Amino acid sequence: MALRTGDHSQAATNGLKEKVLTLDTMNPCVRKVEYAVRGPIVLRALELEQELRQGVKKPFTEVIRANIGDAQAMGQTPITFLRQVLALCVHPDLLNSPDFPDDAKRRAERILQACGGHSLGAYSISSGTQLIREDVARYIERRDGGIPADPNNIFLSTGASDAIVTLLKLLVAGEGGTRTGVLIPIPQYPLYSAALAELNAVQVDYYLDEERAWALDVAELRRALLQARDHCRPRALCIINPGNPTGQVQTRECIEAVIRFAFEEGLFLLADEVYQDNVYAEGSQFHSFKKVLTEMGPPYATRQELASFHSVSKGYMGECGFRGGYVEVVNMDAAVQQQMQKLRSVRLCPPTPGQVLLDVAVSPPAPSDPSFAQFQAELGLAPDMFFCLRLLEETGICVVPGSGFGQREGTYHFRMTILPPMEKLRPLLETLSQFHAKFTREYS
């Protein structure tokens, strides 16, 4: 219905005013965004949780959130030293408390000295606190066997996701047949498809080989690239190593082949290495793309552009709610790096609590520090030790890990001694059975 100018105010008065923002008028790129790990299944899970709280009977008593890598939501206990340093930084009065070890206090004081006004509540510089970026650089050097890392090439971020989106924003350009295409693995972590849809970039799928434990094949990369060039301009190749959600760990030979492919085809490499601390398979070993690239020498080491990402959300840390991460850029054009700094400045700074946790994660207690023994115990508990500790904390039942008596490799047991009075036996076994069932649901 067409309205004369004078009719608009009358329509508004009658409640007929059209909304400025509707599904038809909103950004069409946002409408295309999908994020599976928080999609309709998860929304239904939230409804089911609400129904359970209201007493609605279901064939289960709780919703187990296995849809996203949220370790602490599934019961993982935070690492004590990380939380101690964070608590001291957030509330410096605790530095006078005898309840905190001296090494945690020293670490907190060092970080606070690097903060504006010696307060964690102050903004840091947009690329992250200089001291923490220097600590990240030293961590990368240790991890990669002494290969230098420049703090000026490291940008702290709100988790790895924030840094990944920043790089994609820099890469996306062009229109129509020249629109930027980005090669991503299938299966992939939905961040990539969601971000590319939001940026109106072209998603170029390459398929991992399920029959070969989700291996990456350069021939498949080439197939995807050649097909994509018919309708877009591929400019970047995303690699997730270790794989998410597939879990595969790339061999050094595979990484070298990928680097050669990216170099030959003129692709910017995005290396998502968030799960680098989660390598368990016998014979598997994590190799960073930065290390392999550097050791390949010229022309790869001096010319191939690379951005590698890490965070405190996964690994032994599991501190995903604090949103701490970083990206290191290698061989990035200096003028583009300045533009990246500008783009980061718009967001002011990454969350400072996440920066603190990142600092502790990349520089954990040394063997001479008071917290070292506890840190190592929490970091590397054998499964039977972990089971026994959880059992003790949650039920008060004290048993002994089977590793203290010897057991076949790959099996785990505990030892308990049952003495009179025997009337306690039945409730004890019932409690053990219930805990074992709960433990199995959470960790199997």
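Reader: Where is the place of Asn244?

Author: Asn244 sits in the loop between β4 (233-240) and α10 (252-265). Helices (H or I, at least four residues) and strands (E, at least two) are DSSP runs, numbered from the N terminus.

Reader: What kind of model is this?

Author: This is a predicted model: local features need pLDDT of at least 70, side-chain atom pairs count only at pLDDT 80 or more, and totals for chains, interfaces and linings use all residues. Residues are numbered from 1 along each chain as its sequence is written, and side-chain values use heavy atoms, with hydrogens and water left out.

Reader: Back to Asn244. Buried or exposed?

Author: Asn244 counts as buried, at 17% relative accessibility. Buried means under 20% relative accessible area, exposed over 50%, partly exposed in between (1.4 Å probe, protein chains only).

Reader: Which residues is Asn244 in contact with, leaving aside neighbours within four places in sequence?

Author: Pro187, Gln188, Tyr189 and Tyr275. Contact means heavy atoms within 4.5 Å.

Reader: New topic. Where is Ser345 found?

Author: In helix α13, residues 334-346. Ser345 is partly exposed, because its relative accessible area is 32%.

Reader: What lies 2.8 Å from a polar atom of the Ser345 side chain?

Author: The backbone oxygen of Gln341.

Reader: And how are Ser345 and Ser126 placed?

Author: They are 219 residues apart along the chain, yet their C-alpha atoms are separated by 5.0 Å.

Reader: At what angle do α7 and α13 pack?

Author: About 130 degrees, with the axes 11 Å apart. That makes α7 (residues 159-171) oblique to α13. Angles under 35 degrees count as roughly parallel, over 145 as roughly antiparallel, 65 to 115 as roughly perpendicular and the rest as oblique. Axes are lines fitted to C-alpha atoms, for helices over the stretch in contact, and angles run from 0 to 180 degrees between N-to-C directions.

Reader: Which residues meet there?

Author: From α7, Asp162, Thr166, Leu167, Lys169 and Leu170; from α13, Val336, Met340, Leu343 and Arg344. They divide into five nonpolar, one polar and three charged. Ala, Val, Leu, Ile, Met, Phe, Trp, Tyr, Cys and Pro count as nonpolar, Asp, Glu, Lys and Arg as charged, and the others, Gly among them, as polar.

Reader: Last one, Glu378. Which helix?

Author: Glu378 is in α15, residues 372-379. Glu378 is partly exposed, with a relative accessible area of 26%.

Reader: What does Glu378 touch, not counting residues up to four places away in sequence?

Author: Pro78, Ile79 and Thr80. Glu378 and Ile79 are 299 residues apart in sequence and 6.6 Å apart in space, C-alpha to C-alpha.

Terms used
Polar contact = N/O pair within 3.5 Å; in protein donor to acceptor, adjacent residues only side chain to side chain.
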